[in-house]
Amino acid sequence: MSLLLSMDGALWEIIGVSFRVSLMAMLIAVPPALLIAFVLVRCAFPGRWLLISLINTLMAVPTVVVGLLLFILLSRAGPLGDWHLLFTQPAMVIGQILLALPILVVMLHAALAGVDKRAWETALQLGASRRAALWRLVMEARFGVMAALVAAFGRIIAEVGCAMMVGGNIAGFTRNITTAIALETLKGEYAQGVALGMVLLVLALALNLMLGLLRGRGQLVVQA
Amino acid sequence: MFPPSSSSSSVPPGDPSCPVTGTGFAQASPSAAQVLAADASVAPLLRVRGLEYRLPAAAQASGESAEAQGRLLWHVAALDWAPTPASGWVHLKGDNGSGKTTLLRVLAGMQPATGGKLEWQTRDAHPVRYLHQQPYLFDTSVAGNLVLAARWQPDSGSAGQQRDQVEEMLRWSGLSDQARQPARSLSGGERARLALARAWLSRPPVLLLDEPAANLDQAAVEQLALRLEQMCQQGCAVILSSHQDNALSQGSSARWTLSAASLHTEPSAG
Amino acid sequence: MPQRHTLSSRRLLATLAGLSFGALSILPAQAADDIIRLATTTSTYNSGLLDHLLPEYEQAHDVTIQVIAVGTGKALRMGQDGDVDLVMTHAPGAERKFVDAGYGVEPHGVMYNDFVLLGPEADPAAIDGMQDVDAALGKIAGANAGFISRGDDSGTHKKELDLWQSADVTPDFSGYKAVGQGMGKVLSMASELQDYTLSDRGTWLAMEDKLELEILVEGDARLFNPYQVILVNPANHDGLNTRGARELAQWLISSEGQQAIDDYRLKGKALFHASHGETGFDARQTADRASERAPVKAQGAQAEPRS
């Protein structure tokens, strides 16, 4: 722990990159994921089950594979090479969006599907716009939605394969907690790797405690 | 004594016994006058022509084209309904499975009919409120449910006006003391009152209730009837369904019966 | 080429087997006499030199050599922890500390290879063909051009830092990117970003077809890169195969081993130069001596790797 405190500037920069990139990815990924999940709940179109299985499968794709595909796309020789995004934070954000989307869609779908069908009708009956009614659905399913957000955030902030591949682990620029851990391990500096790992552990603990607290309050409401 | 206020196609639209008084009602729109050019002085609130609902066709052998359309649930040849504030509500009766809920949902615009025409002759873009058999209460406080309704109503006023509306409806439903409680902690009768207040908050011209008396005890039904009477007097046109007579049948001005896949209308004996 | 591939797969399998073996032997470690664990740098391993040297030795001496290819920092750390019997690295300063601290014994200079300064064809800092690596680095920093650094404590990284120091430049200009990755990855990053970088010649030769980079500066004696083998101190750990490791080290510096090193060719080019005759304990002195001789020797040294 003293090591953690003594690592000062560079450490906070690394943690900052992790949070900035992952929060940005969440910010961008959540609205479309919510819409897709909503459409999957509301609309029965042919092939819906196929789409859901497909998204479930995407959830299991290793992060390095996503990283590799993105690398090929963004590479100088790749179709999007002109964007000059490779080894930048935006590239990491894109990778994490791709990683977060399937898990968000699957978990948000489960959460929204758990809400009584009458909720949507009732909101529309009371004059709510579709957007307001959708927001109400999210609020009705808020514990499931929070769980989805926490799970997705946990996945992308803890992943290393994609961040390493498209971010490049450039110090002070695209080096985040996980790629820094990989580097410290490579260097044989286990102690620093463990210190950074503890940051992730503390983060996971905080997120889960928060979720537990929310859940607890939810149960109280139901019991009352 | 309730004057008959409903009219079926057998009764001419101009029947003097069902005048539109206009007080508290959304006025008939100009287009309605055109539709009923024969007598411009009276326009029904609801105009139905040839409305029908067929159940989705089950997977079956093609070739029998009549069968492929699906079974006819009900058919409404023609209906002009012009309720008055004094007339009380319409009691929609029918056996289980006769299609009462579907008819109400079609009238509320929540699901399309499979054929025919349906018109609400009112300026209100969103005139009808429908209450489920077991109304859905949002997972928030009692007051929170009303706040949502106040925020969502078509012409929502300032925050202050909305707050006044919410407080008024809390008093009206007798739930002022429970305002901060979770809505889902209420008893059955309280839930019914809250759902009614939530629907009535924006003073819609039409309210449709699906089996409101089901799952309620006698006292709760009477509480509900009291409030429905007030609403009718203030100009709300109400249709409620039930498969049997109960305390709510008493105050009805007319009885519509779904049987043998068609709707029969008659003034209430009430 | 296919042969090399099968060899490295076998080596990988051996490494995996070694790892599982290590995991199983939590009980008092009983060193198998016929297994030597060698930690070395990725650059050595990727160059193919070990696949050239070791199979012959393994057959002749009936041993299995498990090669663990990692960065110099980790290789030394594994030696310190007694996870391996022998290390072969190229970071003179770190190696001296390793021996001084008593983690390793019997260091021997084995060979050297050299580094090259690479960059894009456009060459924004205009260093192409310069003989003086210090001056070239100075121009890169002065032009604030992009430079990718290993940044991983590896031998190459340490070498690069030494070079910046001798060029009297603090590498904190905004184009400087420390990426903390292996040589291969650093080369592709430099190619992608069209930045400068420092690479060992072996990795460069292995990858040059896939890279949009060119050698801009080479042959300066300060770019020489001495390798040492060091035995892990048997006094610190039980269960080391010190006897086998010592035999391997002795063979590497024998005339037979040295000849085998000199004979190795990658794409027809010599990569490593046996150096046991020239070096003593402190390999750093080799580099210093080399730079003293630079004015005379530079031409020859430059020509040699190209031959």
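The predicted model as a whole scores pTM 0.74, with an ipTM of 0.81. Chain C has a mean pLDDT of 81, and 79% of its residues reach 70 or more. Among the elements of chain C, the highest mean pLDDT, 96, belongs to strand E5 (residues 147-149), whereas the lowest, 38, belongs to helix H12 (residues 283-306). Where pLDDT is low, predicted coordinates should not be read in detail.

Turning to the contact between the chains, chain A contributes 14 residues and chain C contributes 17 residues. On the side of chain C that touches chain A, two or more residues each come from helix H4 (72-80), strand E6 (176-178) and helix H8 (183-193) of chain C. Of these, H4(C) supplies the largest share, 4 residues. By residue class, this side of chain C comprises 6 charged, 5 polar and 6 nonpolar residues.

Chain A also carries a recorded annotation. An unreviewed UniProt entry assigns residues 15-211 of chain A to "domain: ABC transmembrane type-1". In the model, residues 15-211 of chain A are 77% helix and 0% strand. The end C-alpha atoms of this region of chain A are 22 Å apart.

How values were computed. Residues numbered from 1 in each chain as written. Chains lettered and ligands numbered in written order. Predicted model: local features only at pLDDT ≥ 70, side-chain atom pairs only at ≥ 80, totals over all residues. Contact = placed C-beta atoms within 7 Å. Nonpolar A, V, L, I, M, F, W, Y, C, P; charged D, E, K, R; others polar. pLDDT = per-residue confidence, 0-100. UniProt positions renumbered as here; feature names shortened; annotations may be inferred.
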